[in-house]
Amino acid sequence: MKRDEIYATGDEDDPPFRFNDAVAEVFPDMLRRSIPGYAASLEAIGSLAARYVKAGTNCYDLGCSLGAATLAMRQGIRAPDCRIIAIDNSEAMIKRCEKVITNAEEPGIVPTPIDFRLDDIRDACITNASMVVMNYTLQFLSLEDRSAMLARIFDGLISGGLFLLSEKVIDDDPHMEELLVDLHHEHKRRNNYSKLEISRKRAALDNVLIPETVADHLERLAAVGFAHSAVWLRYFNFVSIVAIK
Ligand code: GEK
């Protein structure tokens with residue numbers, strides 16, 4: 001796993017954050033050290049896939065990056081005749097994703113097939129889905145596009161299908177927001193990011209990653225039609241939500 005030193009070197013006049021080759025190269029290390037609860041989100045995706053994925057249906061990983069959630073789903077699926085569709089609009093990510101996953105396949109075992117698609121998730125056609133995952137991806141869509149994205153997911157799910165949404169969030173209460181951000185930065189410092197790296201990354205993500213409150217997410221899920229939704233994981237300002245159609 002190559003170490004993330006993207007904001008440790010170079011000048012401090014950073015361009016906005018992009019999912020380019022340099023990021024894709026260090027991505028597993030970046031997420032492991034930056035997102036509290038990331039490993040737990042992957043573990044739950046596997047468990048939920050075992051419970052919710054139905055025979056003959058599709059599973060979607062929207063914003064798959066290097067396919068960590070795709071792999072977790074594939075390992076969890078117990079039902080036959082399923083297909084996973086892994087989509088990302090970063091060429092650097094999806095090319096590596098296909099390589100990483102194909103290399104992890106064991107000879108003699110026929111796993112659930114995966115379609116790797118270089119595409120914008122806003123244009124994705126979602127059909128016959130029993131599970132859809134957006135693990136820390138909705139936060140990169142503009143606020144105006146989020147309801148249409150979720151409505152498209154809802155429409156593409158079969159009855160009883162599951163949507164897993166993980167996001168960085170903000171708190172309405174400025175005191176709590178300050179505390180949660182500070183705890184997250186402390187977490188990153190414990191994971192050996194310097195104060196300068198943390199502040200440079202934060203500036204680069206400004207207006208690229210747009211967090212909302214937990215209430216905003218739950219309201220939007222209800223508004224597009226999800227009958228049940230709940231936060232199942234919270235670690236500082238990172239949450240993961242499950243919603244069932
Ligand atoms: C994981 N889910 O490891 N269309 C397609 N892909 C997009 C779009 C879009 N409009 N916008 C952003 N992305 C992964 C981690 S990372 C989270 C997901 C993070 C993609 C983007 O290219 C990137 O690969 C991914 O969404 C977000 O479980 O970096 O914090």
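N192 is exposed, with a relative accessible area of 54%; exposed means over 50%, buried under 20% and partly exposed in between, using a 1.4 Å probe and protein chains only. N192 sits in the loop between helix 6 (174–190) and helix 7 (195–205). This is a predicted model, in which local features need pLDDT of at least 70, side-chain atom pairs count only at pLDDT 80 or more, and totals for chains, interfaces and linings use all residues. Residues are numbered from 1 along each chain as its sequence is written, and side-chain values use heavy atoms, with hydrogens and water left out.

**Backbone angles to look for**

- Most residues other than glycine have a negative phi.
- N192 is not a glycine, yet its phi is positive, about 70°.
- Y136 is another residue other than glycine with a positive phi, near 65°.
- You will find Y136 in the loop between strand 4 (129–135) and helix 5 (143–156); helices (H or I, at least four residues) and strands (E, at least two) are DSSP runs, numbered from the N terminus.
- Y136 counts as buried because its relative accessibility is 5%.

**Around the ligand**

- The ligand is surrounded by 23 residues, and the closest are Y38, G63, S65, D88 and N135; a residue belongs here if one of its heavy atoms lies within 4 Å of the ligand.
- This shell divides into 12 nonpolar, seven polar and four charged residues. Here Ala, Val, Leu, Ile, Met, Phe, Trp, Tyr, Cys and Pro count as nonpolar, Asp, Glu, Lys and Arg as charged, and the others, Gly among them, as polar.
- Helix 1 (21–34) and helix 3 (68–76) each give the shell at least two residues.
- Nitrogen atoms of the ligand take part in several pairs: one lies 3.1 Å from a polar side-chain atom of D120, one is 3.0 Å from a polar backbone atom of I121, and one lies 2.9 Å from a backbone N or O atom of N135.
- On its own the ligand has 650 Å² of accessible area, and the protein covers 95% of it; such areas come from the Shrake-Rupley method with a 1.4 Å probe.

**Two residues and their surroundings**

- I45 is part of helix 2 (residues 38–52), and with a relative accessible area of 0% it is buried.
- Setting aside neighbours within four places in sequence, I45 is in contact with A69, A72, M73, M131, V133, N135 and L164; contact means heavy atoms within 4.5 Å.
- N89 lies in the loop between strand 2 (83–88) and helix 4 (91–104), and it counts as exposed at 54% relative accessibility.
- Residues up to four places away in sequence aside, N89 touches L118, D119 and D120.
- From C-alpha to C-alpha, N89 and C64 are 9.2 Å apart in space, while 25 residues separate them in sequence.

**Aromatic rings**

- The structure holds eight aromatic pairs. Rings of Phe, Tyr and Trp (its six-membered ring) pair if their centres lie within 6.5 Å; planes under 30 degrees apart count as stacked, over 60 as edge-to-face and the rest as tilted.
- The pair of Y235 and F236 is edge-to-face, because its planes meet at 65°, with ring centres 4.8 Å apart.
- Y235 is partly exposed at 34% relative accessible area, whereas F236 counts as buried at 18% relative accessibility.
- F17, F19, F27 and F140 are linked into a cluster by ring pairs.

Conventions
Polar contact = N/O pair within 3.5 Å; in protein donor to acceptor, adjacent residues only side chain to side chain.
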